[in-house]
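The paragraphs below go through one structure, from the whole chain to single residues. Please keep the sequence and the 3D view at hand while reading.

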Amino acid sequence: MSEQHKGLLVGYWLLTGLVVLSQGASGGGDLAGAKPFVEGVTALGYPVYILKILGPFKILGAIALAAPGFPRLKEWAYAGFTFDFIGAFASHLFHGDGPAELAPPLILLAILVGSYLLRPASRRLPGVSAEPTPPPADAA
């Protein structure tokens, strides 16, 4: 294994570990109805029961990213976390919150994108590549 490949793998696991830990903990806090989580969603105008909906999906998504195999499930987990982070950013933006509330979902989204782009071939759907697909030869 080349040094470059090792570096990419370390970067992947570092970024993926941050997503897995943050979303596993967030999902646990959601399910437990922890006071900061309840206060956070109610301040944005959401009902408290939204935590019971989001919590399990965050935990399952974290498990899907950490577990070996299941590349299609990983794609769904990446998509779900993307929607979650963009939704969190939009909620804070529409609520009129400042940079302290707007930055965390964007930072998590950047970490998630890094994890997605660095994932090894064994964690990708067959035939899915980060490289752009060239146009067909007869497309002129």
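Of the 140 residues of the protein, 28% count as buried, where buried means under 20% relative accessible area, exposed over 50% and partly exposed in between, with a 1.4 Å probe and protein chains only. The model is a predicted one, in which local features need pLDDT of at least 70 and side-chain atom pairs count only at pLDDT 80 or more, while totals for chains, interfaces and linings use all residues. Residues are numbered from 1 along each chain as its sequence is written, and side-chain values use heavy atoms, with hydrogens and water left out.

The protein has five helices and zero strands, and its elements run α-α-α-α-α from the N terminus on. Helices (H or I, at least four residues) and strands (E, at least two) are DSSP runs, numbered from the N terminus. Along the principal axes, the C-alpha atoms fill a box of roughly 55 × 40 × 25 Å. Among contacts (heavy atoms within 4.5 Å) between residues at least 6 apart in sequence, 62% join residues at least 24 apart.

Helix H3 covers residues 50-66. Its 17 residues reach 25 Å from the first C-alpha to the last, close to the 24 Å expected at 1.5 Å a residue; the expected span is 1.5 Å times one less than the number of residues. Which residues of H3 are buried? They are Leu51, Gly55, Lys58, Gly61, Ala62, Ala64 and Leu65. An α-helix has 3.6 residues a turn, so residues three or four places apart point the same way. The cover over the buried residues of H3 includes helix H1 (3-32), helix H2 (35-43) and helix H4 (71-95).

The loop between H3 and H4 holds Phe70. Phe70 is not a glycine, yet has a positive phi of about 55°. Its relative accessibility is 57%, so Phe70 counts as exposed.

H4 also packs with helix H5 (residues 99-118): their axes come within 8 Å and cross at roughly 160°. Axes are lines fitted to C-alpha atoms, for helices over the stretch in contact, and angles run from 0 to 180 degrees between N-to-C directions. H4 and H5 are therefore roughly antiparallel to each other, a term for angles over 145 degrees. Residues making the contact include Phe81, Phe85 and Phe89 of H4 and Leu102, Leu109 and Leu112 of H5. The residues of this contact divide into 14 nonpolar, three polar and two charged. Here Ala, Val, Leu, Ile, Met, Phe, Trp, Tyr, Cys and Pro count as nonpolar, Asp, Glu, Lys and Arg as charged, and the others, Gly among them, as polar.

Methods. Angles under 35 degrees count as roughly parallel, over 145 as roughly antiparallel, 65 to 115 as roughly perpendicular and the rest as oblique.
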